Amino acid sequence: MSFRALFWIPLVGSPLCKLIPVALADCPRRLDFERTLTPAWLAHAGGRGLYFSSPQKDLTMTLRLTPDMLAAGYDFMRTTDPFRCWKLPESDEMGFHVVRRADLSADFGMEQGMPFIRVSEAHNGHAVTLLSTLAHEMIHLRQYLTGDRELHGPRFWRVAAKVCAVHGFDPKTF
Ligand SMILES: [Zn+2]
């Protein structure tokens, strides 16, 4: 058993929104995909990104998550409503883990006295999904800091509704 496993105390697990594991693209495959884009497809994309409607649409083209991405996403969300009013710790006072578990979307817990957010790459492949997941766990972080142990009760969902409204997240998958 690892040192981390001895101290990991999961407090909250997110509901699994997507139960179908997504195959992950490795870097060489992604580079191959970019090299094979046709001029017509590039024009169709209109400079707004290459992620949709490609004739060579590859559903395995997803983010390769890193702890730095989680920390950056957390810091961004922390500057937005309603999180900016919550006095949440900065990301360097937090721990962030990327896991690849099919049975977990994300969770929040304490490890050696430090708040930790774990996010599974198997369920978070795009930025909007990642930010929505981080927002969910940030509500649990606030619950922990304020002593609210209601978890997914009415208070959670009242706050979640505001978060989803402000950020355009789907409350049905939040
Ligand atoms: Zn939750």
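User: Is Leu151 buried, partly exposed or exposed, and in which loop does it lie?

Analyst: In this predicted model, Leu151 has 13 C-beta neighbours inside 10 Å. A residue is exposed at 12 or fewer such neighbours and buried at 20 or more, so with its 13 Leu151 counts as partly exposed. As for its place in the chain, Leu151 belongs to the loop between α5 (127–146) and α6 (154–167).

User: What is the phi of Leu151, and what separation do the C-alpha atoms of Leu151 and Ile139 have?

Analyst: Leu151 is not a glycine, although its phi is positive, at about 55°. Ile139 stands 12 residues from Leu151 along the chain, and the separation of their C-alpha atoms is 9.0 Å.

User: Are α5 and α6 roughly parallel or roughly antiparallel, and what is the handedness of their crossing?

Analyst: The axes of these two helices come within 10 Å of each other and cross at roughly 150°. Because angles over 145 degrees count as roughly antiparallel, α5 is roughly antiparallel to α6. The crossing in which α5 passes α6 is right-handed.

User: Which residues meet where α5 contacts α6, and how many of them are nonpolar?

Analyst: From α5 come Leu131, Ala135 and Ile139, and they meet Phe156, Val159, Ala160, Val163 and His167 of α6. By class, this contact of α5 with α6 has no charged residues and one polar residue, while the number of nonpolar residues is seven.

User: Where is Gln112 found, and is it buried or exposed?

Analyst: Gln112 sits in the loop between β3 (106–111) and β4 (114–120), and its phi, near 50°, is a positive value in a residue other than glycine. There are 12 other C-beta atoms within 10 Å of Gln112; since 12 or fewer is the condition for exposure, Gln112 is exposed.

User: Which residues does the cis peptide bond at Pro82 join, and what is its omega?

Analyst: Pro82 is placed in the loop between α4 (67–78) and β2 (95–99). The cis peptide bond joins Asp81 and Pro82, with an omega of about -5°.

Terms used: Residues are numbered from 1 along each chain as its sequence is written. This is a predicted model: local features need pLDDT of at least 70, side-chain atom pairs count only at pLDDT 80 or more; totals for chains, interfaces and linings use all residues. Helices (H or I, at least four residues) and strands (E, at least two) are DSSP runs, numbered from the N terminus. Axes are lines fitted to C-alpha atoms, for helices over the stretch in contact, and angles run from 0 to 180 degrees between N-to-C directions. Angles under 35 degrees count as roughly parallel, over 145 as roughly antiparallel, 65 to 115 as roughly perpendicular and the rest as oblique. A crossing is left-handed if the near helix is turned anticlockwise from the far one by less than a right angle, and right-handed if clockwise. Two residues are in contact if their C-beta atoms, placed from the backbone, lie within 7 Å. Ala, Val, Leu, Ile, Met, Phe, Trp, Tyr, Cys and Pro count as nonpolar, Asp, Glu, Lys and Arg as charged, and the others, Gly among them, as polar.
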